[in-house]
Amino acid sequence: MKLRLIAVLAFAAFLTNAVLAHGDKKHVLGTLEKVNADSVVVKTKAGKSVEVKLAPSTSYISSDGKAAKASDLAVGERVVIHATPNGESLSADEIKFSPPGPATPSPSGGKPKQ
Amino acid sequence: MGGLVSDRRLTYKRNMKRGNLFFLIVVIAAALGIAAAASVMHNGLSARAKPTHIEAMLAHSARRMAIPSGAQGTHNPVPASSENMRNARLHFADHCATCHANDGSGDTMIGQGLYPKPPDLRLQGTQKLSDGELFWIIENGVRFTGMPAFGGHHGTQEDSWKLVHFIRHLPQLTAEERAEMERYNPKGPEDREEEQEEEDFLRGAPSQPKAEPAHPRR
């Protein structure tokens, strides 16, 4: 019984890590599993599939920091989505994405000096 | 004799009219007072409420009247060069976005908790203000709102004029500009850690072990 409780708590913590709460916003980290015209399905690090709706106001940023379009998204890409909960669903405010593949060097070191 | 009577009647009617008007004003004022008291008693002085249309209208009129007429016509002496625009953008990200959001929408946790809520700077309510009016508001703030005065103790007037250019640019803000601004937003250690985690994930780097938080999350 104790072991089950610990397992449930650990799983909950793992899921929380994958879909991070940020005030009213949610951060979804994972790999694109499906790309539809009006939504994407992300497979999170925890292995859960999360659907996020796309909106006309959604902004898309590629790995080099450049603005992109919804049509640039492809299955298999890594994404970090900042989304707003809208009832049961999530609506994407911003999608940062990078191509699948080996690790790339860090472009910056956090907040640059002015 | 007949003339005297009709004069008296006229005076009486006039006094009655004045009395009625005075009574009407007192009744309206009392009704407004009761409505305001009932609202306060019902909602307390919660900042979560949204100002009513009348409150918003009065506040906008008061704001316009509070700006000296000399300030309204002042022209922006700072050129809108790309360097000035970038300085203003990063200045805004560091100093203003906590309440106004990087895109000027006011959709932030702090902004939505204020009373009144910060205006959407991209909309006509702000965009139709003159450069001089925007400058005056940045420098002097707006009483009874969350907008502080940035003049005098912080930065220079030149910085405020640059911000005026940036406010004009907000409706055309690009995703790239917003992404750059995010790196300049004030953040606590936990937010920085989260941002780093997201960056690492996008690069395909292995997750770093999480450090113990400096203080417990609420």
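Predicted model: local features only at pLDDT ≥ 70, side-chain atom pairs only at ≥ 80, totals over all residues.
Some ground rules come first. Residues are numbered from 1 along each chain as its sequence is written, and chains are lettered from A and ligands numbered from 1 in the order in which they are written. Local features need pLDDT of at least 70, side-chain atom pairs count only at pLDDT 80 or more, totals for chains, interfaces and linings use all residues, and side-chain values use heavy atoms, without hydrogens and water.

Start with helix α9 of chain B, residues 157-169. Helices here are DSSP runs of H or I, at least four residues, numbered from the N terminus. The 13 residues of α9 should span 18 Å at 1.5 Å a residue, and the end C-alpha atoms are 19 Å apart, which agrees. That expected span is 1.5 Å times one less than the number of residues.

Which residues of this helix are buried? Among them are B:Trp161, B:Leu163 and B:Phe166; buried means under 20% relative accessible area, with a 1.4 Å probe and protein chains only. The buried residues pack against α4, α7, α8 and α10 of chain B.

Leaving out residues up to four places away in sequence, B:His165 touches B:Asn76, B:Val78, B:Pro79, B:Ala80 and B:Met85, where contact means heavy atoms within 4.5 Å.

Now α7, residues 124-127, which holds B:Gly125. B:His60 is 65 residues from B:Gly125 in sequence, yet their C-alpha atoms are 8.9 Å apart.

Terms used
Helix = DSSP H or I, 4+ residues; strand = E, 2+ residues; numbered from the N terminus. Buried < 20%, exposed > 50% of the residue type's maximum accessible area, 1.4 Å probe, protein only.
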